[in-house]
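Good morning, and thank you for coming.

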Amino acid sequence: MDNIETIIAQFINGLSYGMLLFVITCGLALVFGILGVLNLAHGSLYMMGAYVAYSITVSFGFSFWVALIIAPLTVAVLALIIERTLLHTTYKLGHLSQVLLTFGLAYILHDLAKLVWGANVLSISVPSLFSGSVSILGQTFPLYRLIVIGVGLVLAIGLWWIQNKTRWGAIIRAGLSDSEMIGALGVNIRFVFTVVFVLGGFLAGFGGVIAAPILGLYPDMEFQTLILALVVLVIGGLGSITGTFTAAIIVGVLETFGRYLVPEISMFIIFALMAVILIWRPHGLLGKQVTEG
Amino acid sequence: MTYLKFGIAVLLFGAAPFFLASFHISLLTEILILAIFALSLNILVGYTGLVSLGHAAFFGAGAYAAGLIGQHVSAEIITTLLGGVLVSFMLALVVGIFCMKVNGFYFLMLTLAFSQMIYSFIYQSTTWTGGSNGLTGIPTPSLLGLELSNIVWVFYVTAILFLLLYAGISIFVKSPFGRVLVGIKENETRLKSMGYNTKIYRYVAFVISGTLGGLSGVLFTYFNGFIAPTNVYWTMSGTVLIMVLIGGAGTMIGPVLGAALIVILETVIATYTDMWMLLLGVIFIFFVIFLPEGIYGVWQRSTRKWLKGKIPQPELKKVDREKVS
């Protein structure tokens, strides 16, 4: 680390990466919390979002903004289909079978993406509006990364507001603590399941689109992201937007600095952090209990 | 009866190279190696009720350790086998400490995360493991100075270890220790209340499972002569889990059948298309939804039904109510 400029630049990179992780993880955490299904195809949905955005911008020549709207919606529709055909019909099988089902789905989507988009590394260019850089306090930063940080913040505040101030948020919070009970209270819980799963898919797809110009597209992308999202989930703890947000920022910054300073063991640092958190605070930083005593 | 079956298996494996072409021997060797891998995972998934999605970490640790020892120390099977098994044993000891702290989905997440960590280490550490190119130039294994250059020798080594492990695991799961593991799967809270320290039992099961997984990795190095990072990837962990589940988790023969089915299917399919993962995903989902008890479970159920029709069932003894009271 030669000077303060690189530190700040890496910090901004880490912050924007953390925001991306937040967008992806909050969808995963919502679905896990309410449906009780750990969606192992969540990373694949993220990948689909990025690839669909690639098709829209590069193959069909539309602008990035069209992709930003269409791609997450496409993924949401895909999530809707998955929920209605596979998950909805298998609630009687139990959660473990459903998790394995999403794992099988990850296989299918992995091969489909390879079939449609090939195994090469692809990339989407940053939209021209944000392609420049800004100078703050005499230092230049890529504008797009700052925008991503802004988007993450807006989304975090929006989700926090929805979860804490609206009727839907109340249902979701209740669902997180006891989904059977709110079914008994007259809420159509199956409908809530569907909406939450589709919302999770939408967030995954949205994350895929905004991440694509930074991280690029390659065949193994879905599990690399899924693993980091799982780590964020464990560190942050279930059931709180704040916890997921804090954990995502920590993991994002740590991963970026790790990659910069000690690339060979960058993943080890993240996992060491997770291990420490699991032993020191079994509930996650801010959340419900995940370990037994 | 068990001894008879075992004897027949020994004879069949012993005679196989005299009847089968080398292509089929190589196929059979691959099946047996992956069957050992599946059997080791079955101790966790089928008998202890812990679904691991990171078993490839141990397979890869064993395989890479054996390959590296073969390159830098000695290609002697005894050395590489012990070395590979020791490395995966140590890995299981460490990973187990963390994974045993959690249950259910969190266990699944942690095992997946740990295996991806091992994968990314292998993938990034190009100086040791060859990175994305894989580990090449592994010398042919030798046993007491005799080079095992022929696939038949590798087959015999594999078959002997397979039979020993199959017998060993069968005895293990029927032992009091194995019964406690099944108890953990069925109702852990109850076992705890009976005074068992279930954490220790789960930890030992995890370590045994990981160590044997490493052993299958070592054998794979002998068989393949080359290790790619994909052998440590999540798809590998998934494939072995599919083998256990479609064969029949919690049975001894199930994982072996599952391994055989998947290996044969992959060999057949590979000649037509490279969309193997797509098909595997479809098979996986099909079994999860429609045949959760696996091939062997279905077979057991249908034969029981068939026997019920053929053999007169023993009538229940009528209890004289007055005598009882």
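Let me begin with two terms: a residue belongs to the lining of a pocket if it has an atom within 4 Å of one of the pocket's grid points, and helices are DSSP runs of at least four residues, numbered from the N terminus. Please keep in mind that this is a predicted model.

We turn to the largest pocket, which holds about 1,200 Å³ of space. It is lined by 32 residues, and those closest to its centre are K5(B), Y166(B), S170(B), M252(B) and I253(B).

Which helix gives the most to this lining? It is α1(B), with nine residues. In chain B, α1 (2-19), α2 (22-48), α7 (151-174), α8 (176-193) and α11 (253-270) each supply at least two residues. By class, the lining of the largest pocket comprises 25 nonpolar, four polar and three charged residues.

Let us now consider the second largest pocket, with a space of about 810 Å³. Here 34 residues form the lining, and T230(B), N231(B), T235(B), E266(B) and W276(B) are the closest to the centre.

Chain A takes part in this lining: its helix α4 (95-117) supplies at least two residues. So do several helices of chain B, among them α5 (104-124), α9 (198-224) and α12 (276-290). The largest share, five residues, comes from α2(B). As for class, the lining of the second largest pocket has 20 nonpolar, nine polar and five charged residues.

Thank you for your attention.

Note on methods
Residues numbered from 1 in each chain as written. Chains lettered and ligands numbered in written order. Predicted model: local features only at pLDDT ≥ 70, side-chain atom pairs only at ≥ 80, totals over all residues. Heavy atoms only, no water. 1 Å grid on protein atoms, 1.4 Å probe; cavity = no way out; pocket = protein on both sides within 12 Å on 5 of 7 lines; lining within 4 Å. Points joined across faces, edges and corners; volume = space filled by probe spheres on them. Nonpolar A, V, L, I, M, F, W, Y, C, P; charged D, E, K, R; others polar.
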